[in-house]
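Welcome! Take a moment to look over the structure below, and then we will walk through it together.

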Amino acid sequence: MSCIVLDTKGGSKSTIFVGQGLESLDGLCPSKPVIITDNRVRELYGSRFPKSQMVLTIGQGEAAKTLETVQGLYGRLMELGGDRSTFILGIGGGIVCDVAGFVASTFLRGVNFGFAATTLLAQTDASVGGKNGVNFAGYKNMVGTFNQPLFVLCDTGLLATLPKKELANGFAEIIKHGCIADEAYFEFLEANANKANNLDQEAINALVQGSVKIKAGVVSRDELEKGERTKLNFGHTIGHALEKVAGISHGQAVAAGMVLAAKLSAARTGFAQEGVARIENLVRAMGLAPVIDADRQKVIDALFKDKKLAGKAVRFVLLKKIGQSTVEKIPLDELADFYLSASL
Ligand SMILES: NC(=O)c1ccc[n+]([C@@H]2O[C@H](COP(=O)([O-])OP(=O)(O)OC[C@H]3O[C@@H](n4cnc5c(N)ncnc54)[C@H](O)[C@@H]3O)[C@@H](O)[C@H]2O)c1
Ligand SMILES: [Zn+2]
């Protein structure tokens, strides 16, 4: 069991508990919470939720991460007589955390909230860092706020029911954290890949703790993504385009995106070929493919169309070595040339 404190320059504070059961939630909530969850998580774990007559359920997947869902939740909160003392508790994966955090940040101009993260991706990434929001007009995460939850609880025992594909999404972000910030953490996963895949409690707790520490460290120094936080996008620039074009999972797309970014690093920063091979091997060991066979021109088109990339250059995350990253402005055309001619 461990507890990591995320303290931002802006003065907000969030405490992340790793390895404690859902049963601790009663003690963590300052008052009886209004719970926001999804139907799957409620079905699996509703009987272990903290005492509350107020459980609001949303649907599953990106289709539920909308302003319509948010409006529905505002309506329910009003019916329940929600006021400024209302405490919102999101129990679920990244979708539930993003939606619950946004509702809490905007209902009555903001009420307090906390999360119980139930997927590996939410425990290692989505629930930590205070970004929340919804998709809009076909674009992911277009509307949202920066606002830290009072606490995040990561009950790693819940991962036993998580489908393999969802686990792999979390492993991709874990590899990312090792690549950008911590070689020892990367080595730990190399040495414990089997244990992690089999959800060995000790290995998984160590990995969730390690990822939370890395992400909380980055966010505490750059909450609003003016600089260092960009590093958390490692593998995501081309990854997002691959995800759209090939219709693959986020983790799979990020895995292939990281391998491409490692290859580009070898060309631009002198990142060692041996490092590229280690990333490819670790990606494979965690059940992901290092290369995705997609129509490359379509991937480039998707990259150019991404609204967030409007302009002529992108802030691209490169590795100097495993555990050390740097952000460089790279013209989109150069990125396209590299990808179109890369040997994969
Ligand atoms: N805010 C951030 O900083 C941040 C960072 C990364 C990702 N995200 C967001 O996170 C979202 C993805 O989150 P996700 O990968 O957790 O997906 P998700 O929330 O859709 O969960 C995946 C599926 O697993 C189910 N599930 C959840 N917990 C389970 C459990 N313990 N056992 C069995 N099934 C369970 C869910 O019902 C869902 O069907 C994306 O929308 C992404 O944009 C946000
Ligand atoms: Zn990601």
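Leu 108 sits in the loop that runs between helix H4 (94–106) and strand S6 (113–117). Helices (H or I, at least four residues) and strands (E, at least two) are DSSP runs, numbered from the N terminus. This is a predicted model, in which local features need pLDDT of at least 70, side-chain atom pairs count only at pLDDT 80 or more, and totals for chains, interfaces and linings use all residues. Residues are numbered from 1 along each chain as its sequence is written, while chains are lettered from A and ligands numbered from 1 in the order in which they are written.

**Leucines with positive phi**

- Leu 108 has a phi near 55 degrees, a positive value in a residue other than glycine.
- Leu 108 counts as partly exposed because it has 14 C-beta neighbours inside 10 Å; a residue is buried with 20 or more other C-beta atoms within 10 Å of its own, exposed with 12 or fewer, and partly exposed in between, with C-beta atoms placed from the backbone.
- Leu 199 is found in the loop between helix H8 (193–197) and helix H9 (201–221).
- Leu 199 is not a glycine, yet its phi is positive, at about 55 degrees.

**How the domains meet**

- The domain assignment, which is automatic or from a database, gives domain 1 (2–161) and domain 2 (164–341).
- In domain 1, 25 residues are in contact (C-beta atoms, placed from the backbone, within 7 Å) with 22 residues of domain 2.
- On the side of domain 1 that touches domain 2, H5 gives the largest share, five residues.

Key
Two residues are in contact if their C-beta atoms, placed from the backbone, lie within 7 Å.
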